[in-house]
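Thanks for coming. I have one structure to go through, and I will take the overall fold and then a few local details. Please put it up.

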Amino acid sequence: MNELTQSDNYQLLNRELAAPDPWGLDANPFERERHTQMLRLALAQGSISSALEVGCAAGAFTVQLAPHCKRLTVIDVVPQAIERSRRRIRGSPHISWIVSDVQQFSPDERFDLIVVAEVLYYIGGIAEMRGAVRNLVRMLAPDGYLVFGSARDANCRRWGHVAGAETILGMLNETLLEVERLECRGESVNEDCLLACFRNPFSAS
């Protein structure tokens, strides 16, 4: 299969987001279990002062994470994703909604928690992925935690993307400390992903 360009990926995301339940994130048992495990990893270290969610889709995970955060920043490159998630989570002044590419996002603050799942294989080639990982690490506070999830390399390549979980986990392990890793599998061959939690080893002190 030919590799998808960033333009192809953007169009694909827009088409998927037009569906009532994009990617089956609400109805699919595999996706619900994936989100359950992601939330467990995100909350394992206790209270969250400031969190960043990269790629909100239609807000299926955002609505679970938001109540546990004093402040939550949500970014997505697709305006439709931000709009759908905002409509879903009304009356939450502690959430900031921003249309932005993870490669370009450059806030002043550092985050205690960053969650990025099923996102990075959309952004382009290996160089772009590595740039996104560097930016995520830069935004992570000392002793902060990053929760990552992705379909495996083999599935991502079969879908036309350059790489997936194993490749990006290798990049994250170059600078962060891996705390936990687990597999999530469903009934379909497409339902096979890796989740992991990382800690920033650089202490604030």
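The secondary structure of the protein chain comes to seven helices and seven strands, where helices (H or I, at least four residues) and strands (E, at least two) are DSSP runs numbered from the N terminus. In sequence order the pattern is α-α-β-α-β-α-β-β-α-β-α-α-β-β.

This is a predicted model, in which local features need pLDDT of at least 70 and side-chain atom pairs count only at pLDDT 80 or more, while totals for chains, interfaces and linings use all residues. Residues are numbered from 1 along each chain as its sequence is written, and side-chain values use heavy atoms, with hydrogens and water left out.

Of the 205 residues of the protein chain, 52% count as buried. Buried means under 20% relative accessible area, exposed means over 50%, and partly exposed is in between, with a 1.4 Å probe and protein chains only. For contacts (heavy atoms within 4.5 Å), among those between residues at least 6 apart in sequence, 66% join residues at least 24 apart.

Next, a pair of strands. Strand E2 (residues 69-76) and strand E3 (residues 95-99) run parallel and pair over five bridges; pairing requires that DSSP finds at least two bridges between the strands. Asp76 has Val99 of E3 as its bridge partner.

Now helix H7, residues 165-172. Six of its eight residues are buried, so the helix is largely enclosed by the rest of the structure. Those six are Ala165, Thr167, Ile168, Leu169, Met171 and Leu172. What covers them includes H5, strand E5 (140-151), helix H6 (153-158), strand E6 (177-185) and strand E7 (192-199).

Arg130 is found in helix H5. Arg130 is partly exposed, at 30% relative accessible area. Not counting residues up to four places away in sequence, Arg130 touches Met171 and Glu174. The C-alpha atoms of Arg130 and Leu172 are separated by 9.0 Å, with the two residues 42 apart along the chain.

Last, Glu118, in the loop between strand E4 (111-117) and helix H5 (126-139).

Leaving aside neighbours within four places in sequence, Glu118 is in contact with Arg34, Gly149, Ser150, Ala151 and Cys193. A polar atom of the Glu118 side chain lies 3.1 Å from the backbone nitrogen of Ala151.

How values were computed. A polar contact is a pair of N or O atoms within 3.5 Å; within protein, one must be able to donate a hydrogen and the other to accept it, and residues adjacent in sequence count only if both atoms are side-chain atoms.
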